Every structure is written in structure tokens, then in C-alpha cells.
Amino acid sequence: MSDALDAAQIVRAPKALLHDHLDGGLRPSTIIELADQTGYDALPTTDAGQLGEWFAESANSGSLVRYLETFDHTVGVMQTPEAIERVAFECGEDLMNDGVVYAEVRFAPEQHLQREMTLPEIVEASLTGFRRAEENAAAQGKFLRIRGLLTAMRHAANSQEIAALAVRYRDQGVVGFDIAGAEAGFPPTRHLSAFEYLRRENAHFTIHAGEAFGLPSIWEALQWCGADRLGHGVRIIDDITIDADGTPRLGRLAEYVRDRRVPLELCPSSNVQTGAVDSIAVHPIGLLRKLKFRVTVNTDNRLMSGTSMSNEMRLLHDAFGYGWADLQWLTVNAMKSAFINFDERLEIIDQVIKPRYAELLTI
Ligand SMILES: O=c1[nH]cnc2c1ncn2[C@H]1C[C@H](O)[C@@H](CO)O1
Ligand SMILES: [Zn+2]
């Protein structure tokens, strides 16, 4: 067990975030203002404190499907370019204030078509917000790089169109593609042609898999679809058994994931809320980290989980005794697994992450 880490220092320590939903991270006060401005009248309350609590409580259902219902309200107020740009800017500002230096933030453009925006307008509004957040960080002498991932909803049939959009905007701030939404009943291979197209385009993608459904979903995501990373992937633990003498034994899929260094975008608090895991204390991240899987730590939905990267790191520190060396390992893992090019990744690792952790490690 390492010594207690100072919460304020965890906030200042550089962090890299690969799995964060734009529509899962709005400030409650912003939801209320946007609802007012855009005439959205279905919010459960217009008190910011109560609204934040409502999201956290409603998302605490133990079911992914019920967890996802809370997004009706965030998506409901993100139906104009101004609203999307504001949410993207504030996302970057909140991440910067939490010590995040690199983030890939995702959302599903197809869910923002309720008021006649076009798909390109939706993507461009998010990218403008991200760019403004980077400029804001630079003006304050802080480092922030923020890129977008475009998500297609797995129950729908828009994945080819969204994949083409991700390729179209690949030089303007979109670095990859994803599928999300209810997992059971909607296997990754439903979207195989979109993934094949992306591979022909040398484009990157991650797939939400192994969260609400187990090993078959992970297997399809990797061996049929060719995912670069796994969104969650936490149920790879189902392919690891522990012998009577305590020795862990990896099945073929778990071994493949570990040996091919497939990045796992683990989201501890979210997993507890959706019932994928019973508690942080028994979260498979403890074992997966010991077995040297390419583990990364993520927020998933900061609003629904009432969390931040610093909070996730602190929870892991409390549960598993992670110290600065562990937090650096997790951060470098995330940076190595990012979808920006190799030179950019190395630059952030060598010039931003390692020097700061070198200072923290001497404390
Ligand atoms: O953890 C998740 N699993 C599956 N789908 C999710 C998760 N978090 C958010 N989503 C969905 C709801 C959002 O509206 C959508 C796009 O960000 O992605
Ligand atoms: Zn997610």
C-alpha cells in the first residue's frame, strides 16, 4: 500500500482520457440553461443541485438499458450548433481543470438531428468547441489536446454513414469511430461493413464490448470487426480463472487481448452503476493491472457517474493502493493507445506526462 496521495495533487497530475461521452458530461447548470433557451420542457427539475443528483441516482440502476435512458435529457438539449459547441467547450474546460492533458471525447451525431441540423454541422460544432477549449487552455498556460470520436448507435442502422463522416473529418479533429448503446441483442458484427470500410481507409475505431454482454461480444469486436481498442472490455475477466493455489489462468481470448496489447478502456464507476461490477473494491482492474493487460482508466459519463478522472484515480488509490507510479503507468498506457499519430503521442508522453510524474515520484 502506497502512502495516501493528496487529492489536489491528483488533480494537478497529468491524465489522459480515451473514453468520455460528450452527452454524458454536461454541467447540470448548462442543461437547465440550454433547456430554457431551446424550449426543451421535459427536465425532471430545474434546480441544478437536484438535477445532478437525479442523473446520478437514475443512472445507478444496475442496468445499462435504464442507465442509457438518462441521456434523453442531455441529447434533448443538444439540438442546435450553439448548444453542441458550448457543451464541447465546457467539456474541454472541465477536463483541463481536472488535469487532463489529452482526451478523446465521443458522441453520436445521429442523435442530434431533431431540429434540422445536418450531420456535418453537428460534427463541426463539436470540433469548434474543442478547438476553443484548447485555445482557452493555451491562454492560461495549460496543455490540453482534445479530439473527437464519432459514435454510431448499435441498435440503429447508420453506422456506414457515421463511419464515412469520421473519415471525412479525420484531418479536422476526429480521430476515430465507435459504436455504443444497448449491447445485449446488438452484436458488433451488425455493423461489420462499417468496420471493414474503416479498415480499408486505414482509420481507427474502438467498440463498446464486454460491458453488459460477455466474451462473445469481445471476440466479435476483435476477431470479426478488428477493433483497435475495447470500450470497457471489463468482462474479459470471464476468461480468466484462478487455480486452487491462486495462480491465474488465461483462456485463449484473454491471452490474445493481453499479448496483443489490446487497450481496455475501463470505466470503474460506470461499471458499478450499470451492474457490470459489484463495487470498485472488486473491480477486475486490480487483477488485470497485475497481469499487465493494457489497462486504461476512464470516466465514461462524468455527469451520470458524478465523477472525474481525478476521482476515478482516487477511487483506485483507495481500493488498490495505487501510487504515483501506478497512475503514471495508467496514463502512459492511455497515451500509447490514443488514436493520434505516434509522434504526437510520444511528444505528450515525453514532454508533458513524464516530467510531471518525475516530480511527483520524488515526493
Ligand atoms: O457505457 C456505455 N455503454 C453503452 N453506451 C453508452 C455508454 N455510455 C454512453 N452510451 C451511449 C449513450 C450516448 O447517448 C451515446 C453516445 O455518446 O452512447
Ligand atoms: Zn461508454
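Trainee: How do the residues of the shell around ligand 1 divide into nonpolar, polar and charged?
Mentor: This is a predicted model, in which local features need pLDDT of at least 70 and side-chain atom pairs count only at pLDDT 80 or more, while totals for chains, interfaces and linings use all residues. Residues are numbered from 1 along each chain as its sequence is written, and chains are lettered from A and ligands numbered from 1 in the order in which they are written. Ala, Val, Leu, Ile, Met, Phe, Trp, Tyr, Cys and Pro count as nonpolar, Asp, Glu, Lys and Arg as charged, and the others, Gly among them, as polar. On that scheme the shell around ligand 1 divides into 7 nonpolar, 8 polar and 4 charged residues.

Trainee: Which residues come nearest to ligand 1?
Mentor: A residue is near a molecule if its C-beta atom, placed from the backbone, lies within 6 Å of it. Of the 19 residues around ligand 1, those that come nearest are His21, Phe71, Phe107, Ala108 and Ala180.

Trainee: Is His21 buried or exposed?
Mentor: A residue is buried if 20 or more other C-beta atoms, placed from the backbone, lie within 10 Å of its own, exposed if 12 or fewer do, and partly exposed in between. His21 has its place in strand 1 (residues 15–21), where strands are DSSP runs of E with at least two residues, and helices are runs of H or I with at least four, numbered from the N terminus. Because 24 other C-beta atoms lie within 10 Å of His21, this residue is buried.

Trainee: How does Gly181 count, as buried or partly exposed?
Mentor: Gly181 sits in the loop between strand 4 (174–180) and helix 9 (192–200). With 18 C-beta neighbours inside 10 Å, Gly181 therefore counts as partly exposed.

Trainee: At which residues does UniProt place the feature "binding site" that includes Asp300?
Mentor: UniProt positions are given in the numbering used here, feature names are shortened, and annotations may be inferred rather than shown by experiment. The unreviewed UniProt entry places this feature at His19, His21, His208 and Asp300. They span 282 residues in sequence, yet no two of their C-alpha atoms are more than 11.9 Å apart, so they gather at one spot.

Trainee: Where is Asp300 found?
Mentor: Asp300 counts as buried, because there are 28 C-beta neighbours inside 10 Å. Asp300 is found in the loop between strand 10 (295–297) and helix 14 (302–305).
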